[in-house]
Amino acid sequence: MASFGAVGSTIRRRHPMSQSFDASRSLYAFEQDNTVIAVIEMSKAKWLIAALVPGLERQPFKKIDADAPSLLKLLQPWRDEAGQAGHTIKRSAVAYEAAGDGFWLACWLWARDIEAMPSTPPA
C-alpha cells in the first residue's frame, strides 16, 4: 500500500509491475543495413546534412539551401547509392534540432514516409 498527496490518500495496487522498463528493447528494430540516417544542422539560410548510408564507405556531408524539397532531392540519390551497393533501403530517418517553427518539417517529412525526429533546443 502506498500513500500519495497532501491529504494522505491511499492507493492500493492490486498487481505490482511484473517487468521493469528496459530502454535497450526497442519496439522497432533498427536495421542498419536498410536504413538511411540523416542529421540536419539548421539555420535560416542553409542546412548542413550529414548521413549514414548503408553500403557506402564515405559518410555523405552536404550543405543545401534551407528548403524541404532540396532535402528530399538530396536523400533520394543516397538511397539509390545504397541500392547500387546491394542494400535495399526500407526506412529513412532524419533528426534535427527544431527551434521556433521547425516542427513543420517533421510533418512534411512524415507525409513523405521519412521518419522525422525533431528535438527542442536546450534552454
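Which side chain does the side chain of N34 make a polar contact with? The legends below start there, and the model they describe is a predicted one.

**Figure 1. N34, in the loop between β2 and β3.** The side chain of N34 makes a polar contact with the side chain of T35, at 3.5 Å. N34 itself sits in the loop that joins β2 (9-11) to β3. Setting aside neighbours within four places in sequence, N34 is in contact with P54, T88, I89, K90 and R91.

Figure 2. Zooming out for a moment, you can pick out 2 helices and 7 strands. Of the 123 residues in the protein, 27% are buried. Take the contacts between residues at least 6 apart in sequence: 35% of them join residues at least 24 apart.

**Figure 3. Helix α1 and the face it buries.** Helix α1 covers residues 68-84, which is 17 residues. At 1.5 Å a residue the helix should span 24 Å, and its end C-alpha atoms are 25 Å apart, so the two values agree. Its buried residues are A68, L71, L74, L75, W78 and A82. Looking down the axis of α1, these buried residues fall within an arc of 120°, so they line one face of the helix. Turn to the other side of α1 and you find K73 and Q84 exposed.

**Figure 4. What covers the buried residues of α1.** Both strands and a helix take part in the cover. The strands include β3 (35-42), β4 (46-52), β5 (61-65) and β6 (91-97). The helix is α2 (104-110). Past the end of α1 comes G86, with a positive phi near 95°.

**Figure 5. D67, in the loop between β5 and α1.** D67 is found in the loop that leads from β5 to α1. With a relative accessible area of 30%, D67 is partly exposed. Here's a pair to look for: D67 and L105 are 38 residues apart along the chain, and their C-alpha atoms are separated by 9.6 Å.

**Figure 6. S92 and its partner R79.** S92 belongs to strand β6. It's a buried serine, at 5% relative accessible area. The side chain of S92 makes a polar contact with the side chain of R79, at 2.7 Å. R79 also turns up on the contact list of S92, together with V36, I114 and E115, once neighbours within four places in sequence are left aside.

**Figure 7. W104 and W108, two tryptophans to find.** W104 is part of helix α2. Its relative accessibility is 40%, so W104 counts as partly exposed. Apart from neighbours within four places in sequence, W104 is in contact with W47 and A68. A68 is one of the buried residues of α1. W104 and P118 are 14 residues apart in sequence, with 9.8 Å between their C-alpha atoms. Now find W108: the charged end of R112 sits over its ring, 3.8 Å from the centre. As for aromatic pairs, the count comes to 0, where a pair needs ring centres within 6.5 Å.

**Figure 8. D113, a loop residue with a positive phi.** Most residues other than glycine have a negative phi. D113 isn't a glycine, yet its phi is positive, about 60°. You'll find D113 in the loop between α2 and β7 (115-119). D113 is exposed, at 69% relative accessibility.

**Figure 9. Q59, in the loop between β4 and β5.** Is Q59 buried or exposed? Q59 lies in the loop that links β4 to β5, and it is exposed, with a relative accessible area of 59%. It still has contacts to show: not counting residues up to four places away in sequence, Q59 touches A51 and L52.

Note on methods
Residues numbered from 1 in each chain as written. Predicted model: local features only at pLDDT ≥ 70, side-chain atom pairs only at ≥ 80, totals over all residues. Heavy atoms only, no water. Helix = DSSP H or I, 4+ residues; strand = E, 2+ residues; numbered from the N terminus. Expected span 1.5 Å × (residues − 1). Buried < 20%, exposed > 50% of the residue type's maximum accessible area, 1.4 Å probe, protein only. Arc of directions from axis to C-beta. Contact = heavy atoms within 4.5 Å. Phe/Tyr/Trp six-rings, centres within 6.5 Å; stacked < 30°, edge-to-face > 60°. Lys NZ or Arg CZ within 6 Å of the ring centre and 35° of its normal. Polar contact = N/O pair within 3.5 Å; in protein donor to acceptor, adjacent residues only side chain to side chain.
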